[in-house]
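Q: Could you walk me through how to read a helix pair and a pocket?

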Amino acid sequence: MMDFILGYISVFILSAIPFFEAYGVVAIATVAGLSVFPVMGLGLAGNILTVFLVIIFVEQIKSWRKKRREGKETKESKRSVRAHNLWRKFGLPGLAILGPLIVGSHLTAMASMTFGGTKMKTFYWVSASITIWSIVFTVLLYYGVDFLGLEDRGFVNFFKTR
């Protein structure tokens with residue numbers, strides 16, 4: 001019983017950490033044997049909560065990053081360049097939908113705000129994207145494991161064997 005509780009708590013915490021995206025954590029936890037609906041809810045809650053905080057505190061985060069870079073010569077990161085290219089090609093919807101796969105949901109939210117997106121629209125688009133990708137990856141991984149016959153490999157259904 002304690003393993004299940006720790007498993008669900010881990011899903012929430014890992015999903016809330018930048019670059020540990022909900023779509024990956026939810027899919028892996030489901031394959032590991034945790035129940036899909038609680039995992040989906042906790043994973044989305046953790047990821048969307050921290051994206052919401054990034055959007056709310058975007059000005060403070062930008063100012064903190066600017067202070068950290070003061071006096072240092074910095075060049076734009078590959079992730080930032082990718083995000084900017086997505087923004088130029090597809091606007092907010094394109095960046096929000098494709099961004100979490102390419103640069104992560106937190107950087108997508110920050111970039112969307114930096115490039116001119118409103119807080120409300122950025123939140124809606126990025127939240128929808130996180131939800132869609134979580135569902136897609138969970139279904140693909142769940143049925144892919146079944147299709148490939150990987151159920152007897154130890155990690156799959158880890159929580160159900162305890």
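Q: At what angle do helix α1 and helix α2 pack, and how far apart are their axes?
A: Two packed helices are described by the angle between their axes and the distance between those axes. Here α1 (residues 2-16) and α2 (residues 22-31) pack at about 160 degrees, with axes 8 Å apart. Over 145 degrees counts as roughly antiparallel, so α1 and α2 are roughly antiparallel to each other. This is a predicted model, where local features need pLDDT of at least 70, side-chain atom pairs pLDDT 80 or more, and totals for chains, interfaces and linings use all residues. Residues are numbered from 1 along each chain, and side-chain values use heavy atoms, without hydrogens and water.

Q: Which residues make the contact?
A: On α1 they're V11, L14 and S15, and on α2 A22, V25 and A29 (contact means heavy atoms within 4.5 Å). By class that's five nonpolar, one polar and no charged residues.

Q: And how much space lies in the largest pocket?
A: Rolling a probe the size of a water molecule over the atoms shows where empty space is left. A pocket is an open set of points on a 1 Å grid where a 1.4 Å probe fits, with protein on both sides within 12 Å along at least five of seven lines; lining residues have an atom within 4 Å of a point. The largest one holds about 400 Å³. Of its 14 lining residues, R65, R69, E76, S80 and L107 are closest to the centre.

Q: Which element gives the most to that lining?
A: That's α6, with four residues. The lining divides into five nonpolar, four polar and five charged residues.

Key
Axes are lines fitted to C-alpha atoms, for helices over the stretch in contact, and angles run from 0 to 180 degrees between N-to-C directions. Helices (H or I, at least four residues) and strands (E, at least two) are DSSP runs, numbered from the N terminus. Angles under 35 degrees count as roughly parallel, over 145 as roughly antiparallel, 65 to 115 as roughly perpendicular and the rest as oblique. Ala, Val, Leu, Ile, Met, Phe, Trp, Tyr, Cys and Pro count as nonpolar, Asp, Glu, Lys and Arg as charged, and the others, Gly among them, as polar. Grid points are joined across faces, edges and corners, and a volume is the space filled by probe spheres set on the points.
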